[in-house]
Every structure is written in C-alpha cells, then in structure tokens.
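Please keep the model open beside the text as you read.

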Amino acid sequence: MHVGGIISGIIIGLIIGALGRLVVPGKQNIPIWLTLVIGVVAALLGTAVAGALDVADTNGIDWIELLIQVVFAAIGVAIVAGTYGRRRI
C-alpha cells in the first residue's frame, strides 16, 4: 500500500464517520474526534467486507462498498454514543 492510498483511506474514513453520525437519529454526546476514529475503522472494515463479497472493485463509484462503510460507521457511532453517554452522567 502506498502513502497516497493510506492518506486517501484516512480522508474517506473521516467522511464516512461524519455520514455515520448523520444517519444515527438523535443527539450523540461523543466528541468529534471519536466520530472520526469510528469512521476510519468503519472504512477499513467496510472495505474488507466489500472485498470478501467481491463488490469492492466496480466500474465508477463503488456504491455498495460506500453503503457498507456508512452502515458500519452508523453502528459504531450508535454503540459508542450509548456507552460513552452513560459514562459521562
């Protein structure tokens, strides 16, 4: 993997984290940096799952891979918001 691939993966992960936070209803009491970390992890997991399902490399935009990544990010944000929010009370 090249440096450009790693940097673009991190940038995509940041966007995925923001999209995941938008998908989850209600207010999430978690810091933005944690949302971004969740997005990077969700992007990596989503890419791995899309590769396993053989839908990672398509012509044009990989919509299925993007959808899988956003779903992982939304699940991650919901789980972390539930546990992080309880700890702060």
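Predicted model: local features only at pLDDT ≥ 70, side-chain atom pairs only at ≥ 80, totals over all residues.

Residues are numbered from 1 along each chain as its sequence is written, and side-chain values use heavy atoms, with hydrogens and water left out.

**The chain as a whole**

The protein chain has three helices and zero strands, giving the pattern α-α-α along the sequence. Helices (H or I, at least four residues) and strands (E, at least two) are DSSP runs, numbered from the N terminus. Of the 89 residues, 31% count as buried. Here buried means under 20% relative accessible area, exposed means over 50%, and partly exposed lies in between, with a 1.4 Å probe and protein chains only. Contacts (heavy atoms within 4.5 Å) also deserve a look: among those between residues at least 6 apart in sequence, 63% join residues at least 24 apart.

Which residues make up the largest nonpolar core? It has eight: Val24, Ile30, Leu34, Ile38, Ala74, Val77, Ala81 and Tyr84. Helix 2 (32-52) and helix 3 (63-88) are the elements that give two or more residues to this core, and helix 3 provides the largest share, four residues. A nonpolar core is a set of buried Ala, Val, Leu, Ile, Met, Phe, Trp, Tyr and Cys residues joined through side-chain atoms within 4.5 Å. Not counting residues up to four places away in sequence, Tyr84 touches Asn29, Ile30, Pro31 and Leu34. A second, separate core has five residues, including Ile16, Ala42, Val70 and Ala73.

**Helix 2 and the residue beyond it**

Helix 2 has 21 residues, which at 1.5 Å a residue should span 30 Å, and its end C-alpha atoms are 30 Å apart, so the two values agree. The expected span is 1.5 Å times one less than the number of residues. Buried in helix 2 are Leu34, Thr35, Ile38, Gly39, Ala42, Ala43, Gly46 and Ala50.

Asp54 sits in the loop between helix 2 and helix 3. Although not a glycine, Asp54 has a positive phi of about 65 degrees. Most residues other than glycine have a negative phi. Asp54 is exposed, because its relative accessible area is 69%.

**The largest pocket**

The largest pocket holds about 430 Å³ of space. Its lining has 20 residues, with Gly9, Ile12, Thr47, Glu65 and Gln69 nearest its centre. Helix 1 (3-23), helix 2 and helix 3 each supply at least two lining residues, and the largest share, nine residues, comes from helix 1. By class, the lining has 13 nonpolar, five polar and two charged residues. Ala, Val, Leu, Ile, Met, Phe, Trp, Tyr, Cys and Pro count as nonpolar, Asp, Glu, Lys and Arg as charged, and the others, Gly among them, as polar.

A pocket is found on a 1 Å grid over the protein atoms alone, as an open set of points where a 1.4 Å probe fits, with protein on both sides within 12 Å along at least five of seven lines; lining residues have an atom within 4 Å of a point. Grid points are joined across faces, edges and corners, and the volume is the space filled by probe spheres set on the points.

Leaving aside neighbours within four places in sequence, Gln69 is in contact with Ile12, Ile16, Ala42, Ala43, Gly46 and Thr47.

Phe72 also lies in helix 3 and is partly exposed, with a relative accessible area of 29%.

Val49 lies in helix 2 and counts as partly exposed at 30% relative accessibility. Beyond four places in sequence, Val49 is in contact with Ile68 and Phe72. Val41, in helix 2, is partly exposed too, with a relative accessible area of 43%.

Some C-alpha distances for these residues follow.

| Pair | Separation in sequence | C-alpha to C-alpha distance |
|---|---|---|
| Phe72 and Val41 | 31 residues | 8.6 Å |
| Val41 and Gln69 | 28 residues | 9.1 Å |
| Val49 and Glu65 | 16 residues | 8.2 Å |
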